[in-house]
Amino acid sequence: MKEKAEYGLYYEKFMKMKLERSMVETAEYRPFCRRYPHLAETIRLERKIERLEKKLKSEKRSSLRLQIKRETNVTKAKLRKERILKRIHGESKQEAIFRRRAGINTLKSRITRTLQEFSAHARRVIHIDFPPSLHDLRSLEKAETGLALREWIQGRHRKRRKQKTLSL
């Protein structure tokens with residue numbers, strides 16, 4: 001079980017890698033390839049197709065565009081064969097498990113990040129200086145309530161100015 005979790009982490013890393021980096025050069029590729037050869041090859045071929053399509057969009061010359069299209073078609077044919085082999089050897093089921101686990105981990109990290117942002121926002125809100133309560137204002141006369149509110153507003157403006165100068 002622990003071994004499969006480790007390979008799941010490898011799978012996540014391969015899926016999150018940038019297109020420019022080759023996954024074959026990473027240290028995790030060899031053990032993953034030994035355990036799941038067809039799955040590793042499908043991932044590599046899919047990434048190659050993505051790279052070729054990206055290159056095709058930026059290419060202007062028609063001769064090179066044609067060459068890239070041919071190479072893409074050849075790679076797609078290889079990918080079809082590898083997908084069949086993947087299904088035959090049962091690696092597609094394991095890929096589904098890896099994908100599900102990766103989705104759960106991504107969701108967990110997003111929720112954690114959102115909660116952290118919310119707690120940081122809540123901390124900022126808690127530190128807001130609230131105006132004098134209505135109960136306190138009722139006990140004062142009308143002239144004193146206006147004075148109390150003005151003092152609170154001026155104090156708030158001073159605090160904001162001080163925070164702005166400190167942040168700059």
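**Entry 1: confidence**

The average for the protein is 83, and 87% of the residues score at least 70.

I recorded that, in this predicted model, local features need pLDDT of at least 70 and side-chain atom pairs count only at pLDDT 80 or more, while totals for chains, interfaces and linings use all residues. Residues are numbered from 1 along each chain as its sequence is written, and side-chain values use heavy atoms, with hydrogens and water left out.

**Entry 2: secondary structure**

I found 7 helices and 0 strands; helices (H or I, at least four residues) and strands (E, at least two) are DSSP runs, numbered from the N terminus. Along the sequence the pattern reads α-α-α-α-α-α-α.

**Entry 3: helices α3 and α4**

I then examined α3 (residues 37-58) and α4 (residues 62-88), whose axes come within 9 Å and cross at roughly 160°. The axes are lines fitted to C-alpha atoms, for helices over the stretch in contact, and angles run from 0 to 180 degrees between N-to-C directions. The crossing angle makes α3 roughly antiparallel to α4, a label for angles over 145 degrees. The residues of this contact divide into 8 nonpolar, 4 polar and 13 charged. Here Ala, Val, Leu, Ile, Met, Phe, Trp, Tyr, Cys and Pro count as nonpolar, Asp, Glu, Lys and Arg as charged, and the others, Gly among them, as polar.

**Entry 4: burial and the core**

How many of the 168 residues, as a percentage, count as buried? I recorded 25%, where buried means under 20% relative accessible area, exposed over 50%, and partly exposed in between (1.4 Å probe, protein chains only).

The largest nonpolar core has 13 residues, of which Phe 14, Phe 32, Leu 39, Ile 43 and Phe 98 touch the most other members. Such a core is a set of buried Ala, Val, Leu, Ile, Met, Phe, Trp, Tyr and Cys residues joined through side-chain atoms within 4.5 Å. Two or more residues each come from α1 (2-16), α2 (29-35) and α3. The largest share, 4 residues, belongs to α1.

**Entry 5: two residues**

Is Leu 19 buried or exposed? I found Leu 19 in the loop between α1 and α2, buried, with a relative accessible area of 19%. Pro 31, in helix α2, is partly exposed at 22%.

Notes. Angles under 35 degrees count as roughly parallel, over 145 as roughly antiparallel, 65 to 115 as roughly perpendicular and the rest as oblique. pLDDT is the predictor's confidence in each residue, from 0 to 100.
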